[in-house]
Amino acid sequence: MARNPPLARVLPFPVVDEAWRLALVPALVGAAALPLLPPVGGALLATALGVLWFHRDPDREPPDADGIVVAPADGTVSVVREEGSRLRVGVFMNVTDVHVNRAPIAGEVREVRHRPGANRPAFSKESDRNEQVAIDFGEYELLIIAGWFARRIHPAVEPGDAVDRGERVGHVSFGSRADVILPPDVDEDDLRVREGDAVRAGETVVAERADDDAERE
């Protein structure tokens, strides 16, 4: 995710590349309208700045301890449940949260799948049927789930890519959820979060695996 467009030098925070494209039209129209219709021009320029702010992409420092699983997204833990022999932990991203997603565990991407679906509010139970992108790492999966307004999921990895824990793997625009289907060796005693907890992508520890050597570095 590049950080060197010309305007990036004056922006006080880094953003994902997609943000520049989304902000371009309201910025250009707003600049043209400002001398003739100042309220309209000002509103459009504020919209462009809001789009950039929404897509901010701050650096994070993942913990370096062995055997830990970090949060895939900023937000609030909205789902902790068993699915067969596995545990699912979901993080709801509010509109004010950073929407860049990060790998909970180091590994190699085996598959990236897109599944069309509904666009229910991402905090609702029905959102499991929403449009989503699944990033399959073999021992675990990261599911990026669209919300009622979010219809643009942007994975940044492809099959065969090796990623470190906490590395960026994609982002989603305008509200959504990121769920982790944890490895089979993670059980409830290993969890370090519960529903309602606030987490930060790449930094908050979601689980500590019993086997310190379980994570593939």
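In this predicted model, the largest nonpolar core comprises 32 residues. Val89, Ile135, Phe137, Leu142, Val169, Leu182 and Val206 have the most contacts inside this core. Two or more residues each are contributed by the strands β3, β7, β8, β11, β12 and β14, and β3 provides the largest share, 4 residues. In general, nonpolar side chains of soluble globular proteins tend to be buried together.

| Strand | Residues |
|---|---|
| β3 | 86–93 |
| β7 | 132–136 |
| β8 | 141–146 |
| β11 | 168–172 |
| β12 | 176–181 |
| β14 | 205–208 |

Beyond its neighbours within four places in sequence, Val206 is in contact with Val69, Val70, Ala71, Val89, Asp190, Leu191, Arg192 and Val193. Another core, of 13 residues, lies apart from the largest one and includes Val51, Leu52, Val98 and Val100.

An open sheet of 7 strands runs in the order β6-β7-β8-β12-β3-β2-β13, with antiparallel pairing. Because β6 (111–115) and β13 (198–199) stand at the edges with a single partner strand each, one side of each has no neighbour in the sheet. Within the sheet, β8 and β12 are joined in the antiparallel sense over 6 bridges; Ile144 has Ala178 in β12 as its bridge partner.

Helix α1 covers residues 17–33, and its 17 residues should span 24 Å at 1.5 Å a residue; the end C-alpha atoms lie 25 Å apart, which agrees. A kink of about 40° occurs at Leu24, shortly before Pro26. Buried residues of α1 are Glu18, Ala19, Trp20, Leu22, Ala23, Pro26, Gly30 and Ala33, and their cover includes α2 (38–54), β9 (153–155) and β11.

Conventions:
Residues are numbered from 1 along each chain as its sequence is written. This is a predicted model: local features need pLDDT of at least 70, side-chain atom pairs count only at pLDDT 80 or more; totals for chains, interfaces and linings use all residues. Side-chain values use heavy atoms; hydrogens and water are left out. A nonpolar core is a set of buried Ala, Val, Leu, Ile, Met, Phe, Trp, Tyr and Cys residues joined through side-chain atoms within 4.5 Å. Buried means under 20% relative accessible area, exposed over 50%, partly exposed in between (1.4 Å probe, protein chains only). Contact means heavy atoms within 4.5 Å. Two strands pair if DSSP finds at least two bridges between them. The expected span of a helix is 1.5 Å times one less than its number of residues. The bend at a residue is the angle between axes fitted to the seven residues ending there and the seven starting there.
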